[in-house]
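The reader may wish to keep the coordinates open alongside the text.

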Amino acid sequence: YMHLNIFSKLLCGRLVFLDVKDAFCSCLLIYNFRIFERRFGTRKFASFLFGTWCLSVLMDFLLAQAFHFLFDYEVEELPSGLLAPVFSLFVPFYLSIPRMPVTQVLGHIHITNKSLVYVVGLQLLTSGPFMWLLGLSGLISGGLYYTNFLRLQKILFVPAWMANIGRYVLEPVFSSSEPSSETPLGMGATLDIQRQQRMDMLDQQLLLAQYNEARRNSRQQPQV
């Protein structure tokens, strides 16, 4: 019974947010990271979250022990919630999402299409005294899993049968009806592939529009 109680506390502490601000910032980040579900696929994206969640449990313990050894201060309690996997998504975000300039502030500070995400991540990172430990744990876990260190992607993954259960149980609850005015796009064999191609095209159009806006702003700046 004692082991079951410890396991339930650990599971709830790693999944349930107790701070409203942390939950709000995490939801904003997950919404902005939704592009990876289209790029990786639902199962691979879920495997990334599951793998980094498992790795972060070990990393939290190791970092807490290292902090105690170096500074002789014991980390008694860490912020709760799905925080480390959220921070781990910054690894593919930094490595795979192109940086497109949008505008400049005060002539020196460059604003890009990724700046808002980093600002929200910084806000989440500074919301608690030991949030930096979870952030570092998430970045290390994300780096190890994204680079497939020691073939972690073959060890920590969501099985196909579990993905099928999620598809039949959760997809009808969260999915919306297909728009009747939507015309087919691309050469995808299924509607899901065509919709993914459409979203990729919209992302490319957004990046192109941001790039053109940045060029117009640079031309309008007075020459010194």
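A residue is called buried when its relative accessible area is under 20% and exposed when that area is over 50%, with partly exposed in between. The model examined here is predicted. F130, at 14% relative accessibility, is therefore counted as buried, whereas Y73 is partly exposed, with a relative accessible area of 47%.

Aromatic pairs number 15 in a search of the whole structure. One of them is formed by Y73 and F130, whose rings are stacked, with 6.1 Å from centre to centre and 25 degrees between the planes. Y73 belongs to the loop between α4 (42–71) and α5 (83–88), and F130 to the loop between α7 (115–125) and α8 (131–146), so their contact ties together parts that are 57 residues apart in sequence.

Ring pairs also build a cluster, which links F33, F36, F40, F48, F87, F90, F93, Y118 and Y145. F40, a member of this cluster, has K44 over its face, at 5.5 Å from the ring centre. A further charge-over-ring arrangement involves R34, whose charged end sits over the ring of Y31 at 4.1 Å from the centre.

The cysteines may be considered next. A disulfide is a covalent bond between the sulfur atoms of two cysteines. The structure holds zero disulfides. For C27, the closest cysteine sulfur is that of C25, at 9.4 Å, which is too far for a bond because a disulfide requires sulfur atoms within 2.5 Å. C27 is exposed, with a relative accessible area of 51%, while C54 is partly exposed, at 24%.

Finally, the annotation can be set beside the model. An unreviewed UniProt entry places the feature "transmembrane region" at residues 15–33, 45–66, 78–95 and 116–140. In the model, residues 15–33 are 74% helix and 0% strand, and their end C-alpha atoms lie 18 Å apart. Residues 45–66 are 100% helix and 0% strand, with the end C-alpha atoms 30 Å apart.

Definitions and conventions:
Residues numbered from 1 in each chain as written. Predicted model: local features only at pLDDT ≥ 70, side-chain atom pairs only at ≥ 80, totals over all residues. Heavy atoms only, no water. Phe/Tyr/Trp six-rings, centres within 6.5 Å; stacked < 30°, edge-to-face > 60°. Helix = DSSP H or I, 4+ residues; strand = E, 2+ residues; numbered from the N terminus. Buried < 20%, exposed > 50% of the residue type's maximum accessible area, 1.4 Å probe, protein only. Lys NZ or Arg CZ within 6 Å of the ring centre and 35° of its normal. UniProt positions renumbered as here; feature names shortened; annotations may be inferred.
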